[in-house]
Amino acid sequence: MSTHEVASAPVAEHHTSTGLDNTKLAMWAFLGSECLFFGSFITTYLLYRNRVLDGPTPHEIYDIPFTSVSSFILLMSSLTMVLALAAIQRGDHKTMRVWLACTALLGMAFIGGQVYEFTTFVEEGLKISTSVFGSSFFVLTGFHGAHVTVGIFMLLALVGMSMSGRLGDRHEGARKVELIGLYWHFVDIVWIVIFTVIYLIPTN
Amino acid sequence: MATAAYPTRRGFFTRPRSTTGKWSWFFTVDHKKIGIMYCVTAFIFFIVGGLEALAIRSQLAQPNGEILNAEVYNQFFTMHGLTMIFLVVMPMGVGLMNYLVPLLIGARDVAFPRLNAFSYWVFLFGGIFLYSSFFLGGAPDGGWFGYAPLNETLPGHGMTFYALGLQILGVASLAGAVNFIITIINMRAPGMTLLRMPVFVWMTLVTAFLLLFAMPIIAVALFELMFDRAFQATFFDPTQGGDPLLWQHLFWLFGHPEVYIMILPAMGIVSDVLPTFSGKPIFGYNAIVFAGAAIGFMGWGVWAHHMFTTGLGPVANSAFALSTMFIAVPTGVKIFNWIGTMWGGSLRFTTPMLFSIGFIAMFIIGGLSGVTHSIAPHDAQQQDTYYVVAHFHYVLFGGAIFGLFSGFYYWWPKAFGKLLSEKLGKVHFWLMFLGFNLTFGPFHVLGLNGMPRRIYTYVEGMGWDFMNLLSTIGAFVIALSALVFIANVVITRRRGEEAGADPWDARTLEWSTTSPPPEYNFEEIPIVRHRDDFWHRKYIETPEGEPARVLAGGAVATHEHEAGHGIHMPSPSYFPIVAATGLPLLGYGVIYFNSTGKALLVLGALVTMMGLFGWVLEPGAEERV
Amino acid sequence: MAQAIGPWSVILRSISISHGDGMRFLDFRQGGRARLGALVGVLSLVAVACETGDAQDVLSPAGEFARSPDRLWDLTFGIAVAVFILVEGILVFTLFRYRSRPDRKASQFHGNTKVEILLTAIPALILAGIAVPTVSTIFDLAEPREGALQIKVIGHQFWWEYQYLDEGFVTANELHIPTNTPVELTVEGGLIDRVTGDAQVIHSFWAPRLAGKQDLIPGHANQLFIEADDPGIYFGQCTEFCGLGHAEMRLRVYAESGSDFEQWVSDQKSAPEAPSGGSLAERGQKLFAEGQFREGLNCAACHAVEATPEDVAPNQGPNLAHFASRDTFASAIFKNTEENLKAWIADPASVKPGARMPALGLTESEIDAVVAYLKTLE
C-alpha cells in the first residue's frame, strides 16, 4: 500500500514531473498572463497620452519628485520581502513577521501616496471622465494599485498565519512566503515599467 | 503525507466528507465530476443557444419576417454568438479536458482540484449572470464582437452585462488555463514524456497557453468598456479622442486566438479517436503536435484580417493577408495526417468515428473558405456577409461541435459505464450532418449574393428567399438531431449495454481503468513506456510488423475488495462555490451602481474574500469516516 | 448585366434562384406595426426592392474596382474547388478502400517523412501562388486615381449623407455618379451624432457590384474608389452592425452618363421653386419651416431644402433638396410615394425601427400639406 501513499499526487506538493513546485509554477503562469494584462493597459495609455481635448496634459499635472519618492518606497518593499524570505528559510518566524510587516507597511505607504496623487489630480481637474488620457491614466495606475492592495492583504495573511501557527514548518513556510514574494516582486517590476512609461517618457 | 502539514480542525474549516449523493456535486473537487458538470451545463446552454438560432432562422425564413422585431433579433443574435462561444464550445472542451487530461496522463486529479471546482462555478454563475439580463431590461444587443463606440451608445444595461459577464467567464477560463498547464507539465505519470502524451493532451496544453495569454487582453478591453459605461470614462468615445479601432485591435488580438481555443480541443479529440478506429497509430505524431503548436503561435499574428475593411493601409493588409494564408499550412498538415492515419487501416465506422470523419470533411470546407478570406481585396466583399457566417459555422459547428460529439460518443462509456446506442448515434450523426450542410451550405451562396450579416429582415427580390428558406429547414433538422441525441442518452441510462473497461479496443491510458473510473482513477499509477501505452500492453509487434494480442495484456485491475484503500484524495470543499458566488454579486453591483449596487459590491467582495480565506485555511484533507 | 462575369459565379448563380424580372415594388410589412389607422385607414406601406435577384451580387462586378478583386476570387475559388475535390476525394476513397473487413489487417506505420514534407510543401507553394497577385492587387487598389470625382460619405444612424466636395452641395442616400469615371469616396464616421449628441458609430459603405466595402470609423477618414461601366442603379447597404436600424440602412448608387450626370448636378444646385400662393403646398411649406409642433419643433429644425453649402448647417436629418426627384426615402427603403410619406411622417420609428426622426404629432391635414409641399421639391 505504500506505493499508493506516495503516488497520491494531488495533495502531495512534491513528486512532480519537472521537480518544480506546482504552486510556484502556477504563480509564474499567472504572472505571465498578468504581463499581457498590464501590457494592454500600457498600450492603451501610450496611444492616448497625447490626446487631451480637455483638461490638463500629463506634462502639466505630473509631480515627478513626489512619484519618484513613492516609487522608491515601493522598490524598498522588494528588499524587505527578500529579507522576510531569508528569515523564514533560516526558520526564524519572528524576524520574518517583522520584515513582512515592513513590506506591507511600505506597500501601504505607496498606496497612500497614490490616494494623495489621485485626490490632487481630481482637484486639479483631471478625472476619469476628463479625457482619454485621464481614463487611461487612472485605470492603469488604479489597477496597479489594486494589485498592490491584494498583495498587502496576502502579506498580512502570511503574518497572521505565522502567528497562529498555520504557516507550516520551515520548508512549507518558506514555500508560501516565496510564492507571495514572487507576486510582490512582479507588482514592483510592473511599477518600474509604468513609472518609466507614464512619468518619465516626455509627451509632446 | 502533505496533510500532516495542516492541523486537522473541526468547525468553520471542516471539509465536507460525502462524495456521493446530490449535495456532493456542489462541493466536489473530483475532476471527473467537474468535467461532467461542465459538459452537462454546456449542453443545456447548447439547447438555449440553439433555440435562439431557431428563432433567428424562423425570422429569416422569408423576406419581411414577422417573428422577431429588430430589438429582440439583435439580442438573440448577440446572445446566440456569446452562448455558443463562451457557454458551449469552450466549456464543452474544458469539460472533456477536465474529465480526461488526468486520466490520459496517468494522474489522480488535476494539480489544483479546488481551483478546478472554482472555475466551474464561476463559469456557471457567469453564464447565469449573462442570461439574467433578459429579465433585467434586455440582453446584450451589440453583437458578440461588441464594436466600439456602438457598445457604449446602446441604451439599457445589455452591453454592461456583456462587459461584466464575459469578464466573469474570463476568470473561469484563466483559472482553468493555469490549472491545465500545471497539470500537464507537472502531473504526468512516470515515463509519460511530453512526446508520449496523447494528442488531445497536447492540444489542451496549447489551448491553455492561448487562454492564459488571450484572456488578459479581452479583460482589459472589457474593463475599459465597463469604465466607459458605468463610470464615465472615455476610452472608446471618439468625441473625446477615443479610438474605436483600439477596441477592435484588443478584441481581435484576443478573438483570433479564441478561434483556436475553440477548435484545437476538437482537433485533439479527432486525433485520438481516429487511431482507435483505424487500428493504427496516428500518422506523423510529431508533425501533428508541432502543427498544433504552430497554429497556436501563428494564431497571434493574424488578428487584423478581421479588420481588412477598416483602412489599415496596404502594407498592414498585405502582411495580415500573408500570415492568414500561411496559417493554412499547419492546418493542412493536420488534415493530411488524419487521412494518413486512416490510410492502410481497418476502419470501424462507429458513431464517434463518423463524427470525427464528419469533422475532417467539414473542416476542409471551412479551411478552404478561410483561405478565400485571406485575399484581402475580395475579403472586402465577403466581410460581414453570410459568406463569413458560412465559414465560421463550418469551422465551429462542422469542426468543433462535430469533434466534441465525437468525444462524447467515444468517452461516454468510460464516464458512465454504458455504451450509447450505436443505432441512434448513427441516426444522430446523419441527421446532424445533413441538417448542418442544409443550414450553412446556402450561407455561402447568400453571402456572395450580397446578404449582410446581422440584419433582422430583408426585402423580397434580392434573390435571397429560397436559400434562406432552405437554411431554416436545415436548422430544424439539426434541432431534430439534437433530440435524437437526448433520446439516446435517456434510453442508454435505462438500458444501455455495459461497456466494460475498454469497449473500443483503444490505445490510451484512460481505458486501462474501470468504467467509470474510481475517484482515484488508477489503482496504481501506471508506468508509461510507450506512446499509446495501453495498446502496447495489449499487443506486441510480431517480427513481420503485425500486432499480436498479448494474453491477458491490459487486463483491468479491479481489486473490488480493497479498492482505493489507502489512497488519499483531496476532500470536497465548500469554498470554491462560495468564492465563486461573490463574482456575479460584484457584477450586479457595478451595473446598478446606486446604494443597492454599492451594497452588492461590498457583499460580493466579502463573500469572495471569505471564500478565499476559508480556502487558504482549510485543512488539505479531512479524515474519511 | 455586367460583362465580366467569372466562370464560378455562373456555377454559383445556377444554384441560387433568381427572381429577377423588372422593377417590382413590394408590400412592406402589412402586420401590426404598419397599421396606422389614425392616418389613412388601413395602409400598406410600399417598400422598394431591387431590379433583379442579383442586385447585390458580389460575383457580377460592374466596374474596375469590383472587377480586380473578382479576378482574385476567380483564381482562389478555382484553386479551392480543385483542392476540395482532391482532398475530399482522397478522404472518401480512404474510407471506402480501408473499411473494416474480416480479412483486413491495419498496417502499423507511424508516418512517412517524405510524404509529410511533400504535403507541407505543396500547400505552401499553392498559397505563395495566391499571395503574389493578392499583394499586388492590394497595392493597386490603394493607388490614388487622377481626376477622380471627390465625394465625402458620412454615415448616420441610419442614413447616408453625401457631400459633393468639388460641386459644393449635399444629398442623401441616393448617390449619383458619372459612368466610366473613378469616384473617390472619403468615407468617414462623424464624431458626434447631430441628432442625439452621442458618439457616432461605425458603418460600412458597400455597393457590392461597384467595389468592396469600406468602414466609416469615427475619427478616421478612409478612401474608397468606385466606378461603374454602365448607367444603372446599383444597390448596397450598410454592412457594419450599427444598431436597431442596421438592416434598413440601405443605399443606391445611380450611375449616369456624363451629360445626364451634369444635368443632375446643375438641378441639385438650383434653388427650389416656391409653391404657388394659396395652394396646399404653400400651407405645407409654412408648416415645414415655421410650424410649432412637439417641443416647438418643425421639419426645418433638422431638414434643409436647399443643397448649397450655406444650407448645410442645420442638416441634422437628410438634406431634402430636390426631394421629389428621388425614387426613395428613409435610406432607400421606402418608395417615394405620397402614402408612404404620410405614414412615415406620422410615426417614423413605427415603420423603420430605430429611426431617429421624431413623430411630431401633426394632424392628418397638416401631414397632407407637408407632403404636398415635399412633392413640389422637384
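The questions and answers below go through the chains of a predicted model and the contacts between them. Local features need pLDDT of at least 70 and side-chain atom pairs count only at pLDDT 80 or more, while totals for chains, interfaces and linings use all residues. Residues are numbered from 1 along each chain as its sequence is written, with chains lettered from A and ligands numbered from 1 in the order in which they are written.

Q: Which pair of chains has the most contacts among the two pairs that touch?
A: Two residues are in contact if their C-beta atoms, placed from the backbone, lie within 7 Å. Chain A and chain C do not touch, their nearest C-alpha atoms being 12 Å apart. Among the two pairs that touch, the most contacts are between chains B and C.

Q: How do the residues of the side of chain C that touches chain B divide into nonpolar, polar and charged?
A: On this side, 91 residues of chain C are in contact with 86 residues of chain B, and the elements giving two or more residues include helix H3 (64-97) and strand S9 (214-216) of chain C. Helices (H or I, at least four residues) and strands (E, at least two) are DSSP runs, numbered from the N terminus. Ala, Val, Leu, Ile, Met, Phe, Trp, Tyr, Cys and Pro count as nonpolar, Asp, Glu, Lys and Arg as charged, and the others, Gly among them, as polar. The division is 49 nonpolar, 29 polar and 13 charged.

Q: Which hand does the crossing of H11(B) and H4(C) have, left or right?
A: Helix H11 (residues 328-342) of chain B and helix H4 (residues 113-142) of chain C pack at about 140 degrees with axes 9 Å apart, where axes are lines fitted to C-alpha atoms, for helices over the stretch in contact, and angles run from 0 to 180 degrees between N-to-C directions. The residues that meet include B:Val333 and B:Phe336 in H11(B) and C:Pro123 and C:Leu127 in H4(C), and those of the whole contact divide into eight nonpolar, two polar and no charged. A crossing is left-handed if the near helix is turned anticlockwise from the far one by less than a right angle, and right-handed if clockwise. The crossing of H11(B) and H4(C) is right-handed.

Q: Which strands of chain C stand at the edges of the open sheet?
A: Three strands form this sheet in the order S6-S12-S11, with mixed pairing, and two strands pair if DSSP finds at least two bridges between them. Each edge strand has a single partner, so one side of it is left without a neighbour in the sheet. The edge strands are S6 (174-178) and S11 (232-237).

Q: What angle does the direction of helix H5 of chain C make with that of S6(C)?
A: S6(C) pairs with strand S12 (residues 250-256) of chain C in the parallel sense over five bridges, and C:Pro178 stands opposite C:Glu256 in S12(C). Helix H5 (residues 258-269) of chain C packs on the sheet and touches both S6 and S12, at an angle to S6(C) of about 135 degrees.

Q: How far apart are the centres of domain 1 and domain 2 of chain C?
A: The assignment, which is automatic or from a database, gives domain 1 (64-142) and domain 2 (149-269). Four residues of domain 1 of chain C are in contact with seven of domain 2. Taken over C-alpha atoms, the centres are separated by 39 Å.
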